[in-house]
Amino acid sequence: FSALFGVGGGIIVVPLLLLTTSFAERTAMATSLAAIGLIALVGAVSYGFHGEVHVVEAAVLGVPAAVGAVAGARLQQRLATRTLTLGFAVLLAAVGVYLAI
């Protein structure tokens with residue numbers, strides 16, 4: 001469904017990992033990112049076989065996103081667990097409000 005709808009794993013997978021496993025927030029986020037990488041690779045290859053991938057545009061989007069992912073991972077490692085949990089809760093609540101209106 002992720003490839004079909006472009007669903008962000010952080011919004012779906014991380015909360016599910018937190019609710020269904022004993023993963024800590026950082027572990028759930030890291031596991032979600034690893035899964036997203038695999039899902040994205042398979043989805044990109046599948047779309048590529050149908051000629052739907054624009055490589056240059058993907059690089060224009062992907063390279064800055066990769067830099068942001070490295071910066072985000074470094075920042076996440078420096079935040080206190082409580083701050084990380086509250087920040088993620090605020091993000092999920094904001095997304096829920098946005099989707100409701």
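A residue counts as buried when its relative accessible area is under 20%. By that cut-off, 12% of the 101 residues of the chain are buried in this predicted model. The accessible surface of the chain amounts to about 7,600 Å². Carbon and sulfur atoms account for 75% of that surface.

The fold is described next. Five helices and zero strands make up the secondary structure of the chain. Read along the sequence, the pattern is α-α-α-α-α. The C-alpha trace spans about 45 × 30 × 30 Å along its principal axes. Contacts were also sorted by sequence separation. Of those between residues at least 6 apart in sequence, 58% join residues at least 24 apart.

The largest pocket holds about 380 Å³ of space. Its lining comprises 18 residues. Those nearest the centre of the pocket are M29, L33, G72, A73 and Q76. Four helices each supply at least two lining residues: α2 (9-20), α3 (25-49), α4 (55-78) and α5 (81-100). By residue class, the lining divides into 12 nonpolar, five polar and one charged.

Q76 links the pocket to the contact picture. This residue sits in helix α4 and is among the residues nearest the pocket centre. Neighbours within four places in sequence were set aside for the contact list. Q76 then touches R26, M29 and L84. One of these partners, M29, is also listed among the residues nearest the pocket centre.

Technical notes:
Residues are numbered from 1 along each chain as its sequence is written. This is a predicted model: local features need pLDDT of at least 70, side-chain atom pairs count only at pLDDT 80 or more; totals for chains, interfaces and linings use all residues. Side-chain values use heavy atoms; hydrogens and water are left out. On a 1 Å grid over the protein atoms alone, a cavity is a set of points where a 1.4 Å probe fits but cannot get out, and a pocket is an open set with protein on both sides within 12 Å along at least five of seven lines; lining residues have an atom within 4 Å of a point. Grid points are joined across faces, edges and corners, and a volume is the space filled by probe spheres set on the points. Ala, Val, Leu, Ile, Met, Phe, Trp, Tyr, Cys and Pro count as nonpolar, Asp, Glu, Lys and Arg as charged, and the others, Gly among them, as polar. Contact means heavy atoms within 4.5 Å. Buried means under 20% relative accessible area, exposed over 50%, partly exposed in between (1.4 Å probe, protein chains only). Accessible areas come from the Shrake-Rupley method with a 1.4 Å probe; for residues, only the protein chains shown count as cover.
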